[in-house]
Amino acid sequence: MQRRNFLRSSTLLTAGLYAMHLQAVAGPFSPSDFKDGMAPPDKRFDPEWIRSILLRGKPTLYKKSRDELKYIGMPVGGITTGTVYLAGDGRLWLWDIFNVNQAGIIPKTLDYNGTKLTYSSGVDYVDPNPAWSPFYQEFAISVRDGEKQMIRKLNDSSWKEITFSGSYPIGTITYQDDDLPVRVKLEAYSPFIPLDPDDSGLPVTVLSYTVKNISDRSLEVVLGAAMQNACSLQLSRSEQGKRTNKQIHQDGVRGILFNFIPSDASYTKDPGYGNMCIAALGSENIHCLVNVNNDQSPEILFNSHRDENSIEIASAPADNLLIGEVTKGDKIPPGEEKTFHFLISWYFPNTKLPVRDAPSGNYYAKRFIDAGDVVKYVATNFDRLSSLTHLWRDTWYDSTLPYWFLDRSFANTCSLATTTSHRFGTGRFWGWEGVGCCEGTCTHVWQYAQAMARIFPSLERDTRERVDIGLAFDEKTGMIGYRGEGTGEATDGQAGTILRIYREHQMCADNSFLKRNWQHIKKAIQFLLNHDHNKDGIIDGAQPNTLDAAWYGEIAWISSLCLAAWRAGEEMANEMGDTDFALTCRERFTKGKKNVDDLLFNGEYFIQLPDPSLSKRPLGSYMTCEIDQVFGQSSAWQVGLGRILDKQKTLSALNALWKYNYTPDVGPYIREHKGGRPYALAGEGGMLMDTNPHHVKDPYGDDITWQIGYFNECMTGFEHQVASHMIAEGMLEEGMIITRTIHDRYHAAKRNPYNEIECSDHYARAMASYGSFITICGFTYHGPKGYIGFAPKLHPENFKAAFTAAEGWGTYSQKRSENKLTAELNICYGSLTLKKVFLELNNKHRADNVTITLNKRKANARITQDENKVEIELAENIIIRGNQELSIEII
C-alpha cells in the first residue's frame, strides 16, 4: 500500500508507535478499546517509558544515518527580521527575508482525502518540506595534508555521517568522515539575548566552524563560502538595473556586499529592494572573489594560484547570475582546533504588510544603513553578542529537567524569528497567527503564547500599551479590538489581554507601566463586567472567540477566563489604591466563581448551557468535553493568581480531558469523525479539541456551521495549555505525556521539529509550550513588589532551572533533604531586586529558621509558613547582580 493510504487506513496496529524508532509506548489495544473511535480510557502506557520521559536523559541528536535531517529547519535569523532556516546538514534554506509576505513558508497545495490542503489546513504537516533555497549559497572546506588536498562541500551528500543537535537558539552540526584527518563542527545562530530585543533582532546569521586536526601532522585548512547575489530576487525580467558585488574591508572583518542598483529610482521603495553581505571575521588569511563562475565553485575557493589582488567590484545586468566567494584559512597543528567565523547579513527595509505602521519599514532598517553596516556592528560587538547568546543557551540547558522537555518548551520561541513576527520602524511589534495567515497579533490566539512575555517582556509590554489599550482601544466602551485597530470584540481575547496586562506589569521593575495605563485597563475590565448583564459572574450574550464564531449561553471556559481577569483586575486596583474598583472586581469574581462551580459543572467536567432566548442552539460545546473548559484556571497559574475555580472540580475536569480527549492514536477517532484538519495522523497520539463521551444527540447545537471541523483536530497550542495546567495541578505524568506526544509528532524523522503548525506555519499559539516550563518550575514573580517564588513539580529534591525577571536572568536550584532545604539564586545577566522569596517544603515539614547570604554576607529575614508554603521576607530590598549568588538555607 502507498504510504499515505496506509496512514489513512491504519488505526489499531500503529497505536502509540512513533516513527523514529517504532517504539511501542502504549497498548496493546483491540478494536473494542476504541468504541466509536473514542479514546481508550485506559491509555496503557508502558511504565518504563513514562519513567524515562521524566528523567534528565541526553541531548536530542538527529543523524544522517537514521534519515533524520531532511526536514529540519531551525530559524537562525534575528527575531522579527524574516526567516532563515538551518538545515540538518548545516545548509541555510528558505530565505524568507525579501518581504514577499507569502502565506505559509512555501506556498503549495495537496490533494488529500478528497480535499485540497493549503498552508492554512495542514499541508506542511502531511507533506513536510525538505530543505530548499531560492538562490545558490554553500560552504565548503579544503584540507591540505602535505601535497594532498581534500575538498568537501558542507552538506549531506559529502559526508558519511552528520549529526544535528538543536539547542535553540544555537544549532550544532558535526561532520564526520574517517577518510579525512579533521572533525568539523558548525554552530549557527543569530545573537539571542533575553531582555534585549534589539540585539536579538539583528538581520544576520553567524556560522562558526570549528575544525579539529585529529592527525599527527600539521594541516592547512581553508573554509570557504559562495553565494549568489540574490538582491531583488523577485524582479521581473522586464525591470532594468544591475547587480554589484563589492569587497568590504573593515577592522576585524572582510567580505562582499551584494547590491542591486535599479535604473528607476522609485524601485528603492519596493519591498524587494535591498542588499546582503557575506563576510569572515578576522584580519588575516581572508580572501574575496567578487565574480565567480558557478561551474568553478567550490574548487576555485581553494585555488592557491588565483590572483590575490582580485578586483574590488563586479557588476552584471539584473537577470545575470553574479556569485561572490569568501575564504578564510589557517594552519592547525596536530591535536589542536581552530574556529572560523562567518556572517551573512541582509537589509530589505521596505514592507507592505496590511497595517498602518508598515510605511515606516522594518525596525532593523532604522538601526543600520545597509547589510555591510550590520556586519560591521556584529563584528565590533562579536565577543559580547556571541558570549551572551551562548550564556543563555547554557543557562537554559544547565538544568535537571529532561533535555527533550527543555527542547520542546522553548523551541516554539523561534516563531519570533520567522515571518509570523514583525517589528516596524515605529517600534511596534505585529504578528500573524501563523506565517502569512490571519493578521493583527490576534488577542484570542496570542493570549495563549507565554514565551515572548518572559524572554522579551518589553515587546509584549509595548504591544499592550501601544496597541491593545492604544490603537485598538475603544475609549467609550473599553473594548479591545481583537486584531488591532479597526476591529471588533473577542470575549476570550479581551479577558486574556487583561491577564496579559497583569503579566506584563509583573515583568516590570516598577509600577510605572500600570500607573500610566490604569484608566484604560480599568475600562477594559469594565467592558467584561458590562458583558455580564445580570451581574451573576457568568458572561452572557454573543461571545466571539478563538474558534471563529460567536457562541451563546453560559460557557464555562469563557467565563472562567473572565473570572481570572477580574481577579487580576482586583490585584491591579489594589496596587493602584483604587479600593472601590478592587471591591467591584472581588464581588463579581466571588459570585461568578460560585455560579460557574455550581451551574456549569455536570459532576464530571465543565460545560456550556444554551441561551434560552434562542430558538436554535448555535454551534457550541454544550454537554461535550471541550479542551479549554478550565482555561481561566490555567491562565491564573501563569500569573500567580491562585485558585479561581474549585480544586476538586478542576481536577475532575482535567481527568475527564485525559480520559475522553487524549488518545495514544488519533486514527480511530478521525476515521469515525470526519472533518477537521490533519494536525495528527493515524498512529500518532494527541489531545482532541472536543469529544462527546456520553453520546448526546446533536451535541454541538442545532445550527451547525463550518467551524465544527475544529472539534476533531489536535492543535498544539491548546494541547500545551492543558499540559501546563495539568503540571500545575499535580497531574505531572499526564502533562508530560501530552508534551512528549507533541514532541514525538514533530520528531525530525517525520517533520520539522521547529515548526508547530495550526492555521499556517510557526503558529503563535504554540508558544504556550513555555507555560509548561513556568508550571513545572512552579515559578511566580512580581517585579514591582520584589518577589519571586519556586515550587518545582519534578524532582524537587534536586532541582535546577533557568528563570527570567524584569531586569535579569539566571538559574534557580534547590535541594531538599529530611531536615533542610537549601536553595540558590544565581544571576547570569543583569540584576534581580528582591524583597520576598516564596518556596515550598515537604508536606510534613515545618520551618524552624532561615539563613540568607548574598556573596557570603548574611541578610536579615523573617519566615512565615502556610501549610507547606514558606514566605521569606527580607528586612530590606537586596539587589543580586551578574555573577552574584543568593543562598537560602531553611532548617
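Modeller: Within the largest nonpolar core, which has 263 residues, Met276 and Leu839 touch the most other members. Helix α12 (residues 556-575) gives this core its largest share, 12 residues. A second, separate core has 7 residues, among them Trp93, Leu94, Ile105 and Val435. A nonpolar core here is a set of buried Ala, Val, Leu, Ile, Met, Phe, Trp, Tyr and Cys residues joined through side-chain atoms within 4.5 Å. Buried means under 20% relative accessible area, exposed over 50%, and partly exposed in between, with a 1.4 Å probe and protein chains only. Helices (H or I, at least four residues) and strands (E, at least two) are DSSP runs numbered from the N terminus.

The model is predicted: local features need pLDDT of at least 70 and side-chain atom pairs count only at pLDDT 80 or more, while totals for chains, interfaces and linings use all residues. Residues are numbered from 1 along each chain as its sequence is written, and side-chain values use heavy atoms, with hydrogens and water left out.

Leucine 839 has contacts (heavy atoms within 4.5 Å) with residues including Phe790, Tyr812, Leu821, Lys869 and Ile890, not counting residues up to four places away in sequence. One of these partners, lysine 869, also forms a salt bridge with glutamate 840, with the closest N and O atoms 3.7 Å apart. That pair links distant parts of the chain, since lysine 869 lies in strand β41 (residues 869-881) and glutamate 840 in strand β37 (residues 821-840), 29 residues apart. Lysine 869 is partly exposed at 48% relative accessibility, whereas glutamate 840 is buried at 17%. A salt bridge is a side-chain nitrogen of Lys or Arg within 4 Å of a carboxyl oxygen of Asp or Glu.

The structure holds 57 salt bridges. In another, arginine 464 meets glutamate 460 at 2.5 Å, N to O. Both residues lie in helix α9 (residues 457-471), 4 residues apart, about one turn of the helix. Arginine 464 is buried at 1% relative accessible area, and glutamate 460 is buried at 2%.

As to cysteines, the whole structure has 0 disulfides, a disulfide being a pair of cysteine sulfur atoms within 2.5 Å. Cysteine 562 is buried, because its relative accessibility is 0%.
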